[in-house]
Amino acid sequence: MKKESPHLARCEAPSLELLKRGVGLLETEAELEAKLEKSRRTGTPLRVKLGIDASGPDIHLGFAVPLRKLRQFQDAGHIAVLIVGDFTGKIGDPSGRSRTRPQLTDKQVQENVKRYRELAFEILDPARCEFRYNSEWSDKLSGSDIINIAAKYTVARIIEREDFKTRLDKGIPLHMHELLYPLFQGYDSVAVRADIELGGTDQYLNFLVGRALQREFGQEPQVVMTMPLLIGLDGKLKMSKSYGNYVSIKDSPEEMFGKLMSIPDDLITDYFRLCTNRTEEELKKTEEQLSSGENPRNIKAELARDIVTIYHSADDAGRATEEFDRVFRQKGLPDEMPEFAVPADGVNIVELVAKAGLLPSKSETRRKLREGAIYLDGERIKDVEFTVRLESESRILKVGKRRFLRLTKG
RNA sequence: GGACGGGUUCCCGAGUGGCCAAAGGGGGCAGACUGUAAAUCUGCUGGCAUACGCCUUCGGAGGUUCAAAUCCUUCCCCGUCCA
C-alpha cells in the first residue's frame, strides 16, 4: 500500500483538475491532456522531471511547492524523475540573479545531495522516484557535443531573459558559462526523456529551452508546468536559502510556527494556497474573513498550525501554538531552553552572555545592556558590571524577545 | 591590444592626506507600542577594554609621510568604448 500522503488535497483522487491546481504557467494544457490520455491507454507512466539545485543541504517551504505537486503526479501513478544538478550546480543557476553565483565543488555537492535525498522523501514516495545526477551525461559530453547543442539555440533567445538583460544593461559581469546554463539544463530533459517538467516560475525560460532541444533531438517536447514562487519571510524576495528568508521543512515545530507568524499579513492567502491543502472554496472563505476585519493574527496562527501539521503532526502543531502564545503573548517561558552553569562566586553579566553564546561579542552585549534588552528573572539589567549569582535553584536570563538561558549551579 | 572609468564595512553606496570605524540607504538586532517574531515609531549596528585608549577593516603587495580609504609604484580583478 502506498504511504499516506499529507501532501494530497483531501477526498480527491488525483485528477486533471487536481494536477492543474496551483499551477502558474502550463505549456500546453492540450499537450498535458494528450500525454495523460496516452499514458492511461498504454499503461505507461509519465516521466515528470524536477531539477534539484544542490547549492544547499536543505529543503524549504518554497521548494516544497513543486515537490508536493510532484507527489500528486506520483499518486496518480507517474514517475518522479529528480535531477540533481551536480553538473549545472558547478555553473550556478543564473535565473533571477544579478551576479555570478559561486561555483560549487564536487564535495559540497555530494554532501548536499545526501541530505537532500533524505529530505525529499519526507514528501515524495520513494517507490515511484528516480534519482539522477546530471553529471551522468553532462560530464560525458565532448567538446564537439557541446558545440552541437549550442548550435541549436540562439544567443538572442538566451539573452532575452530579464536577468541577463539587466546585467548587460547595468554593466554587471555575465560570464560565458552562465549563458550555457539553460542549454545544459534543457539537455537534461533530452537525457531523461522527460514528459513533463515542473518547477518555479523563474525556471520558465529554462524549461522552454528543454522543449526546443527535445524537438531538435527528435523527442516529443515536454509539457512545462511552473508553480508560483513562494515569497519568503521578509515579504519581498522569493523564499531562498541564500536570502535567509526561509522555513526549512526540518525546522522544529516551534521554529516553524514562529517563522510563519512573522510573515507579513498580506502573504497569508498565498501561503495557504501554496503550502497547505486548502481548497479554493476554503481559500475564498479565508479571504472574506481577512477583509471583514477578522484579526489576521488568528488566521495566521491557523496557517502556521496547518503547515506544522503537514511536516510534523497535529500534536506538535498544538504544542507549538501553546508555546507561541505563552512566550510572545503572555511573555512566558518556552518549554526548552539551553542551560548554563554559573560558578558559586558568580559571574559578570557580560562574560556570561558572551560565553553562553547568546550574543556574538562582548561589545554587542554591552550595547544590548544599554538598550535594555537583557533581563534576569524578568528584571531588566543595565549595569555592565552586574554580577550574576545563583541564589535559588535556577534563574532565567533573557536576551531580547526570543533568546532564553536557564542558569544552573556550576 | 588601446583609451577611459571602477574595486570601500553583511549588501548597495558616499568619501581624494589628519575632524574616518568611514555619510546615506538596505538588511540585521533591540526598545516602545501592539494583534504576532505583522505594521509603525525610536535607537543601535567591527573587535578588545569599566574607562584613557588599543587593535583589525576601504582589491593584493610594497613605498612616501609625523599621519593614507585618500598620494606614488606594481600586481590582480571588473566595466564601457575602440580595435
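In the predicted model, N245 is placed in the loop between strand 6 (223-227) and helix 11 (253-261), where helices (H or I, at least four residues) and strands (E, at least two) are DSSP runs numbered from the N terminus. With a relative accessibility of 3%, N245 counts as buried, the classes being buried under 20% relative accessible area, exposed over 50% and partly exposed in between, for a 1.4 Å probe and protein chains only. When its neighbours within four places in sequence are left aside, N245 is in contact (heavy atoms within 4.5 Å) with G232, L233, D234, L237, K238, M239 and S240. The side chain of N245 reaches the backbone oxygen of L237 at 3.4 Å, and a polar atom of this side chain lies 3.2 Å from the backbone oxygen of K238. Between N245 and D335, by contrast, the C-alpha to C-alpha distance is 25 Å, at a sequence separation of 90 residues.

Residues are numbered from 1 along each chain as its sequence is written, while chains are lettered from A and ligands numbered from 1 in the order in which they are written. Because the model is predicted, local features need pLDDT of at least 70 and side-chain atom pairs count only at pLDDT 80 or more, whereas totals for chains, interfaces and linings use all residues; side-chain values use heavy atoms, with hydrogens and water left out.

Q222 lies in the loop between helix 10 (204-216) and strand 6 and, at 0% relative accessibility, also counts as buried. The side chain of Q222 makes a polar contact with the side chain of S189 at 2.8 Å; a polar contact is a pair of N or O atoms within 3.5 Å, of which, within protein, one must be able to donate a hydrogen and the other to accept it, and residues adjacent in sequence count only if both atoms are side-chain atoms. Beyond four places in sequence, the residues in contact with Q222 include E27, E31, K49, F207 and R211.

Backbone geometry was also examined. The peptide bond from E27 to T28 is cis, with omega near -5°, and T28 is found in the loop between strand 1 (25-27) and helix 2 (29-42). R193, in the loop between helix 9 (176-192) and strand 5 (196-200), is a residue other than glycine with a positive phi, near 50°, and is exposed at a relative accessible area of 52%. K331, in the loop between helix 15 and strand 7 (339-342), likewise is not a glycine and has a positive phi of about 55°; K331 is exposed, with a relative accessible area of 58%.

Chain A is assigned domain 1 (6-227), domain 2 (251-329) and domain 3 (339-409), with bounds that come from an automatic or database domain assignment. The centres of domain 2 and domain 3, taken over C-alpha atoms, are separated by 33 Å. Both of these domains give residues to the lining of the second largest pocket, which therefore lies between them.

The second largest pocket has a volume of about 510 Å³. A pocket is here an open set of points on a 1 Å grid over the protein atoms alone, where a 1.4 Å probe fits, with protein on both sides within 12 Å along at least five of seven lines, and lining residues have an atom within 4 Å of a point; grid points are joined across faces, edges and corners, and the volume is the space filled by probe spheres set on the points. Of its 19 lining residues, E254, E255, E323, F328 and R402 are the closest to the centre.
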